Amino acid sequence: MSALGEPTSSTIARAVPRARLSLPRLGTLAKIAWVSFAYLFLLAPMIVVMGSSLDGTEVYSKVMFPPERLSLQWYERIPDAHYRALALSLGLAAAVSLGACLLGIPAALGVVRGRFPGKSLLLAFFRAPMQIPAVVTGVAFLKLYYLVGDVTGLFLNATFAGLYLGHLFVAVPYVIGTVVSVLQRFNSRLEEAALSMGAGPWRTFRRVTLPTIMPGVHAGALYAFMVSFADVPISMFLTAPGFVTYPVELFFGIETDFNPSVLASASLVIVFSLLLLLAVQRVIGLDNVVRSK
Amino acid sequence: MTATKPILSALAVLASAITVLGAVAPDAAQAQGRPFEGVTLRVATFGGPWRDDLVKNVSPKLEAMGAKVEYVIGSPQDNLAKIIAARGRDVPFDVVEVLDAQVDQAVEAGFLRRIDYSKIPNIAQVEDWARHPNAVGNWLTQEVICYDKGKFAELGLPAPTSYRDLADPKLANRVMLADITGGGGLANFAGMTYAAGGDTKNVRPGLDLIRTIKGAKFWKAGGDVVTGFKSGDIWAAVAHTGWCLRAIKFAGANVASAHPRISDTQRGVIKVGWLGIVEGTKNQAAAEAFVNAYLDEEFQVAFAKNSGVWPVNKRAAQRLRTEDPVFVALNLIEPAEMNRMLRIDYKGVNINSWYDQWNRAISR
């Protein structure tokens, strides 16, 4: 640099190779920035919800972010109905997840291993519940329960069993999908080896097949849980007094009015979900779950 | 044998006592004012604070009479869909809340039982117009323009007097209108249509008027209006005065209401909520008691103060005139003024055609 600050030829010469060297670094920085943006995009709604739930001002009907004053006041004002609905939704989703596995695993095995024509058609049929608008599914199940009730005398509308079956209908395809994707990559020689060494079909399934497809089962179970837990359109037709699911309670509550206790309630669910994911990570390993997809 | 005799006698006395008690128990329950002992009444209503107000103020009255009250939450359309699905079988609920846009449809379809007003003593205090043969008007809203007074002053805008005032370029992107699918959607759309020279058969002028309001946002849940004012995102909204009231009382917003001109003689729109007893209910008496409790003066006052809806109980309305200055400031309170508000007659109106036209002109 000259005394006046003008760049000299030597300073330019030094600067050029440095600029060339920093290109890879720029690339890395861009990648970091892009990934950070992606994480921020995904996490921002949760950060806003949880942050706003801690606002201590007496402002009703507003999402205040960042909070002006920290307080747990909205947590104290969570309506009892939210807790009841949350307990129901968690129990229901867990039961649906289990039921979806019990139905989905044999169905997936049958589709992948079976030798019959129209397998791809059957697989498409199994996926059909995911393509029907959920509102239509809800109304259809309600009508079906009345028709079945007319014939058998057993009315499932406004019962827990009716709600459960409605959720199971949309959850099973997720288990079938994830298990099928694992089975299609499954090395059947492992089973042949087990059979040739004297293990029976049941033992081979239990000791070889099932452990291998477990990542798919875990992933499917997790999706089934989430589909059931977050459902509104089906539940709003199948819930009844005494058992209203958490999303339905929130949806119709917000439709009428809004206050930040909803944010507090939602924050508890977020925390619970994070704890659940941590537990899954520790017990099963999230990598396995994600990889199966 | 002699030792067992006294025991047998005692058992016989006990059995007789139980039999007698069993026989007189229902009468005793009636005598103690618990005529609905063992009855579970199911009421289909809106969710959230609306349901909570009913649980807090109406349920205890029924419970004192022995009934258990359960609430089925959902929109009136969802609840009517449940009645349709259950047609010819046990009804999914005994009492249902609907809006004026659905009441005629529900009556024509035979969903609502004729009300025996002699069983509803509080009807004596209710406005005459609220006595439909098959449903009773249980609240009403005044659909208005809610606007930020400070912002309008800052912009040099006078208080709005018509929907067209919302098309002022200074308000671009700062106006919120009711989406047609929301609770206030049909009433406000009809109001804008009439104001623009249309009617229920010709809604095109209303759609054209809406399109002149640049960057209009649309609300489905009324809480959006309150949040919008508080955050400063909106400076005017077409909504009922209850949302203005909640914006003032619960969010500290500096808003006022203006009843927009509909015609030379009409200002603002009235939307009515109706309470019906579902045809086929096995709990008619308890349902009538619920309707009566809903129309009770104390509940109507408390409900109006909380939610901002106008009571149909005349004594409650009278009390609000003196007890709640915010309520008075936002609403037209004189019966003569209220009679000059537009009440939409939805009989024979093809609402689906409204939705179709809205979707083509606005949603797109």
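Biologist: Among contacts in chain A between residues at least 6 apart in sequence, what percentage join residues at least 24 apart?

Modeller: Bear in mind that this is a predicted model, where local features need pLDDT of at least 70, side-chain atom pairs count only at pLDDT 80 or more, and totals for chains, interfaces and linings use all residues. Residues are numbered from 1 along each chain as its sequence is written, while chains are lettered from A and ligands numbered from 1 in the order in which they are written. A contact means that two C-beta atoms, placed from the backbone, lie within 7 Å. For chain A, the share of those contacts joining residues at least 24 apart is 71%.

Biologist: And how many helices does chain A have?

Modeller: Helices here are DSSP runs (H or I, at least four residues), as are strands (E, at least two), numbered from the N terminus. Along the sequence, chain A reads α-α-α-α-α-α-α-α-α-α-α-α. It has zero strands, and its helix count is 12.

Biologist: Which element gives the largest share of the side of chain A that touches chain B?

Modeller: In total, 25 residues of chain A are in contact with 30 residues of chain B. On the chain A side, two or more residues come from each of α5 (134-152), α9 (235-238) and α10 (246-256). The largest share is six residues, and they come from α10(A).

Biologist: How many residues on that side are nonpolar?

Modeller: Ala, Val, Leu, Ile, Met, Phe, Trp, Tyr, Cys and Pro count as nonpolar, Asp, Glu, Lys and Arg as charged, and the others, Gly among them, as polar. Four are polar and five charged, leaving the nonpolar residues at 16.

Biologist: Over in chain B, is Val107 buried or exposed?

Modeller: B:Val107 sits in helix α5 (residues 100-108) of chain B. Buried takes 20 or more other C-beta atoms within 10 Å, exposed 12 or fewer, and partly exposed is in between, with C-beta atoms placed from the backbone. Because B:Val107 has 21 C-beta neighbours inside 10 Å, the label is buried.

Biologist: What is the C-alpha to C-alpha distance between B:Val107 and B:His132?

Modeller: Leaving aside neighbours within four places in sequence, B:Val107 is in contact with B:Leu112, B:Asn134 and B:Ala135. As for B:His132, it is 25 residues from B:Val107 in sequence, and in space the separation is 10.0 Å.
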